[in-house]
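Trainee: Before we discuss this model, could you show it to me, so that I can ask what lies behind the terms we use for it?

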Amino acid sequence: MSIAQEYGIRPDHIGLHTYDLDRSAKWFERLFGFKLTLPIPLPPGHFPRASFYVLGDFYFEIYEVQNARPFNMTDFDKRIGMKFATLAVTDYKGWVDMAKADSEVEFIEETEGRCYIKDLNGNIYSVMDDP
């Protein structure tokens, strides 16, 4: 039995920072189908707002941060922390065509069956073909 099976370990969610929670939520819903599950109540003095967004069994926890600096691609190979999150798409070509028509999607790199895009805050996502 694996450690994951023995202890019931599974992926749950990723936490992200954004400049604009409402705009980012619309971006994730429009491109990937994530839906708001609940706003996160925060104590005074913490982030202004935060919410959970879900797709199947996977969640994004998004925090609105004021005065943060954007992600810098020149530091991509030098920074510590998450480099990218990967989402698998069964209709990859259809998804790419839809995403390319969206003015708020920046394609960084495309290869056969995989692309890398940046969200509104500069976070990177790998989208791969899942036939």
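Mentor: Let us begin with a term: a nonpolar patch is made of residues with over 30% relative accessible area and no salt bridge, whose nonpolar side chains are joined within 5 Å. Please keep in mind throughout that this is a predicted model.

Trainee: Which residues make the nonpolar surface patch here?

Mentor: Ile3, Tyr7 and Ile9 make a nonpolar surface patch of about 370 Å². Of these residues, Tyr7 belongs to helix α1, which covers residues 3-7.

Trainee: Why is Tyr7 called exposed?

Mentor: Exposed means over 50% relative accessible area, and Tyr7 has 60%, so the residue is classed as exposed.

Trainee: What makes the negative surface patch, and where does Glu112 lie?

Mentor: The negative patch is formed by Asp91, Glu112, Asp129 and Asp130, and the term negative applies because Asp and Glu are counted as negative. Glu112 sits in the loop between β6 (106-111) and β7 (114-118), and its relative accessibility of 83% is set against the cut-off of over 50%, so Glu112 counts as exposed.

Trainee: How do you know whether Trp27 is buried or exposed?

Mentor: Buried means under 20% relative accessible area; Trp27, which is found in helix α2 (residues 21-32), has a relative accessibility of 1% and therefore counts as buried. For the chain as a whole, buried residues make up 36% of the 131 residues.

Trainee: What makes the pairing of Asp102 and Arg30 a polar contact?

Mentor: A polar contact requires a pair of N or O atoms within 3.5 Å, one able to donate a hydrogen and the other to accept it; the side chains of Asp102 and Arg30 are joined at 2.3 Å, so the term applies.

Trainee: Why is Asn121 called buried, and what does its side chain contact?

Mentor: Asn121, in the loop between β7 and β8 (124-129), has a relative accessible area of 9%, and because buried means under 20%, the residue is called buried. The side chain of Asn121 makes a polar contact with the side chain of Ser24 at 3.3 Å, and this contact meets the definition because the limit is 3.5 Å.

Methods:
Residues are numbered from 1 along each chain as its sequence is written. This is a predicted model: local features need pLDDT of at least 70, side-chain atom pairs count only at pLDDT 80 or more; totals for chains, interfaces and linings use all residues. Side-chain values use heavy atoms; hydrogens and water are left out. Patches are made of residues with over 30% relative accessible area and no salt bridge: like charges are joined within 9 Å, nonpolar side chains (Val, Leu, Ile, Met, Phe, Trp, Tyr) within 5 Å. Accessible areas come from the Shrake-Rupley method with a 1.4 Å probe; for residues, only the protein chains shown count as cover. A salt bridge is a side-chain nitrogen of Lys or Arg within 4 Å of a carboxyl oxygen of Asp or Glu. The place of a charge is taken as NZ of Lys, CZ of Arg, CG of Asp or CD of Glu. Helices (H or I, at least four residues) and strands (E, at least two) are DSSP runs, numbered from the N terminus. Buried means under 20% relative accessible area, exposed over 50%, partly exposed in between (1.4 Å probe, protein chains only).
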